[in-house]
Amino acid sequence: MPFDIQKCARPNILALEPYRCARDDYKDDGTNILLDANENAYGPGLDLSKDGKLSSGTGSSIDIDLLGLNRYPDPHQHELKQKLIDLRNTHVHTSKNLSPENLFVGVGSDEAIDALMRAFCVPGKDKILTCPPTYGMYHVSAQVNDVEVVKVPLNVDDGFSAQPDKINAKLAEDASIKMVYLTSPGNPTANLIRKEDVQAVLEHPNWNGIVVLDEAYIDFSPEGSSLAEWAAEWPNLVVMQTMSKAFGLAGIRLGAVFTSRPIAELLNNMKAPYNIPNPTSQIAIQALQPKNLKVMHSNREAIIQQREVLLAEMPKIAGVGRFLGGSESNFLLVEMLDKPDGKPSNEVALQVYTRLAEKRGVVVRFRGKEVGCLGCLRVTVGTEPEVTRFLQELKGVLEDVYGGKVANGVPKEVEEKKEQEANGVIA
């Protein structure tokens, strides 16, 4: 019998809309300014020389054991976990201490997103709740695991705030919802979820489930914003973090989950035996040393300064509308208008997005199809030269749009293709 994948594969996988990475649309040829994937434009949080070599200063060198690569890595990562715990035991939100037993480390936050669904959701029966607009990987992982997604949108009339009353009402009426995913700062909204809103869901009187707080961008927020240590107070709170953003280490793919010991034990029991490679672990451990943390903090401050430049200068450009959401991350969500002082427009936003990338070498993200994001672009904060260049190119592109040059220069089928690509699930 000839093989028929349509009859052999799981229906939910065949129907899967795959996750679209930022680089799927425009490849990095080394010349583009990449303001699309919320990466750290200032580089790794490591004490490096200008040519990318490791400093020989005390506490800065990274000793990757190349001769030991024939051996499997440490399956438990005790040293790495302790350093992550030391970083987050700030005692801003609790007098209690987390320990390495409260931690799971995985391949980015994405491994944890998938593991949590496998641990707590029965395929074809249980559900998760998300608050769009939000990170697209929750939905992709849910579909992979045959888990239904219930949506309670953020309040677009209140700065994309969470709506705990509506969330709790959904939880009260449907016991099959096992997890609530909240993103703080939000993606693409860049705003923090209020602590009291998280607490309101945690205090639900009769719901038995997990509250997952995704803090991928938390280090760009004011000091004390992270609720990671709060997991010592709440047995059903899970706080996810990553070293991809503020630490500038997206290339090592390391994520961490701070949670109660029983949940951490479940996640550690079900993970692959050696899920964190030695080079990843060794680089992460060094990034958490005081001298390298100082580099991370310096890079973070530079990003915050350039974020302020964007907040001040973009509104001066004709055709730029409101900033939506917040400014607690390394990116901003901003409207493109159909004319100066006009209304938000997806058509104009798509033209700006396309022309910036294809004609000007500046790549941002189109977010106009998400809830409450009509006409919006998401712009990652770059270095000072990148921000200066972006502002110049944006001004020129909008002048072209209003002069009709982009519409005449970009064939309709190209615009339609870009819109289809932009509507995919993208970080």
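Analyst: The account below begins with the basis of the model, turns to the open sheet, and then treats other parts of the chain.

This is a predicted model, in which local features need pLDDT of at least 70, side-chain atom pairs count only at pLDDT 80 or more, and totals for chains, interfaces and linings use all residues. Residues are numbered from 1 along each chain as its sequence is written, and side-chain values use heavy atoms, with hydrogens and water left out.

The open sheet consists of four strands in the order β10-β11-β14-β13, with antiparallel pairing. Strands here are DSSP runs of E with at least two residues, helices are runs of H or I with at least four residues, and both are numbered from the N terminus. Two strands pair if DSSP finds at least two bridges between them. β10 (320-324) and β13 (365-366) stand at the edges with a single partner strand each, so one side of each lacks a neighbour in the sheet.

β10 is joined to β11 (residues 331-336) by three bridges in the antiparallel sense. Along this pairing, V320 stands opposite M336, and L324 stands opposite L333. The two strands form a hairpin with six residues between them, and G325 in the turn has a positive phi of about 75 degrees. On to the next strand, five bridges join β11 to β14 (residues 376-380), again antiparallel; here F331 stands opposite T380.

β11 is mostly covered, with six of its six residues buried. Buried means under 20% relative accessible area, exposed means over 50%, and partly exposed lies in between (1.4 Å probe, protein chains only). F331, L333 and E335 lie on one side of β11 and L332, V334 and M336 on the other, and all of them are buried, which leaves both faces covered.

Another strand, β9 (residues 255-259), has five of its five residues buried, so the rest of the structure largely encloses it. From β9, G255, V257 and T259 point one way and A256 and F258 the other way, and all are buried. β9 is joined to β3 (residues 103-106) by four bridges in the antiparallel sense, and its pairing with β8, also antiparallel, runs over five bridges. A256 of β9 is the bridge partner of V105, and Q241 also stands opposite A256.

The loop between β7 (210-214) and β8 (237-242) contains S221. With 8% relative accessibility, S221 counts as buried. Its side chain reaches the backbone oxygen of E328 at 2.9 Å. Leaving aside residues up to four places away in sequence, S221 touches P185, L192 and E328, where contact means heavy atoms within 4.5 Å.

For the chain as a whole, the secondary structure comes to 14 helices and 15 strands. Of its 427 residues, 56% count as buried. Among contacts with a separation of 6 or more, 74% are between residues 24 or more positions apart. The accessible surface, from the Shrake-Rupley method with a 1.4 Å probe and, for residues, only the protein chains shown as cover, comes to about 19000 Å², of which 51% belongs to carbon and sulfur atoms.

Note on methods
Polar contact = N/O pair within 3.5 Å; in protein donor to acceptor, adjacent residues only side chain to side chain.
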